[in-house]
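Colleague: Could you take a close look at one part of this model for me and walk me through it in a connected way? I'm after a plain account.

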Amino acid sequence: SMKETMKQMIFYKNLVLLALLRPICRLSLRLTGQSDVHQRDDLTNIFGETYKEGEGISSKLPLVMLTECFAKFSEGLIFREVDKARDSIQQYLSIQGLTTANMNNSGDFFRIFYAGLASFYVGRELDDRLLITRGNWCKDWIEKLVVSASTWNFQNKAYLLQAEEQFCSRNFEMAETLYDAAISSS
């Protein structure tokens, strides 16, 4: 079980992997309706210990901090929790930097893709032009992958981000067309 895996990581002092898995486990439990842990700041009731995100090793390693932010903004996006999504996407983008120097290979596409979705969603909900601009940057980056890496793999993602951009611009007919195109090319 996940609980046993986590306990073994503690026993063998694999703290980096443990810190990477905790936020993903938290999100997974919430998605499957098995926990009310989203309402609490610690994971005591799941792992038999008190752990607060942002403390210990998780506050020192950028990869762990990015993973925590990614899980939180994904959770905020999925459950339509605008404040959580806003805070975590802003923290994520500040840690990541989101520059072409930091994100220059196609292996980073999933983070950029989801950061774009969350940026457009929060930007639209809060009328935050900076986040919509960040969403546009993510969209442009994915569009480059359509040409340079794989049309088959990235076209649907580009269409979805284009649809979100149009939705933010209140061009609903174009957004609908692009949402349909994203579905068709998936």
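Modeller: Let's settle one word before anything else: a residue is buried when its relative accessible area is under 20%, exposed when it is over 50%, and partly exposed in between, using a 1.4 Å probe and protein chains only. Bear in mind that this is a predicted model, where local features need pLDDT of at least 70 and side-chain atom pairs count only at pLDDT 80 or more, while totals for chains, interfaces and linings use all residues. Residues are numbered from 1 along each chain as its sequence is written, and side-chain values use heavy atoms, with hydrogens and water left out.

Here's the setting. The protein has 9 helices and 0 strands; both are DSSP runs numbered from the N terminus, with helices being H or I of at least four residues and strands being E of at least two. Of its 186 residues, 44% are buried.

The part I'd pick is helix 4, residues 62-78. From first C-alpha to last, its 17 residues reach 24 Å, close to the expected 24 Å, the expected span being 1.5 Å times one less than the number of residues. Helix 4 is largely enclosed by the rest of the structure, because 12 of its 17 residues are buried. Among them are Val-64, Leu-66, Phe-70 and Phe-73, along with Glu-68 and Glu-75. Cys-69 belongs to the buried group too, at a relative accessible area of 2%.

What covers helix 4? Helix 2 (15-31), helix 5 (82-96) and helix 6 are among the elements over its buried residues. Contact here means heavy atoms within 4.5 Å. Just after helix 4, Arg-80 takes a positive phi of about 55°.

Lys-84 is partly exposed, at 24%. Further along helix 5, Gln-91 is 26 residues from Met-65 in sequence, yet their C-alpha atoms are 9.0 Å apart. Gln-91 is partly exposed as well, with 40% relative accessibility.

From helix 6 comes Arg-111, which touches Leu-66 and Phe-70, plus Tyr-92 and Gln-96, leaving aside residues up to four places away in sequence. Arg-111 counts as buried, because its relative accessible area is 19%.

Helix 6 (109-126) also packs against helix 7 (129-148), at an angle of about 145° with axes 8 Å apart. Those axes are lines fitted to C-alpha atoms over the stretch in contact, and the angle, on a scale from 0 to 180 degrees, is between N-to-C directions. The crossing is left-handed: the near helix is turned anticlockwise from the far one by less than a right angle. Residues meeting there include Phe-113 and Phe-120 in helix 6, and Trp-137, Cys-138 and Trp-141 in helix 7. That contact divides into 13 nonpolar, 5 polar and 3 charged residues, where Ala, Val, Leu, Ile, Met, Phe, Trp, Tyr, Cys and Pro are nonpolar, Asp, Glu, Lys and Arg are charged, and the others, Gly among them, are polar.
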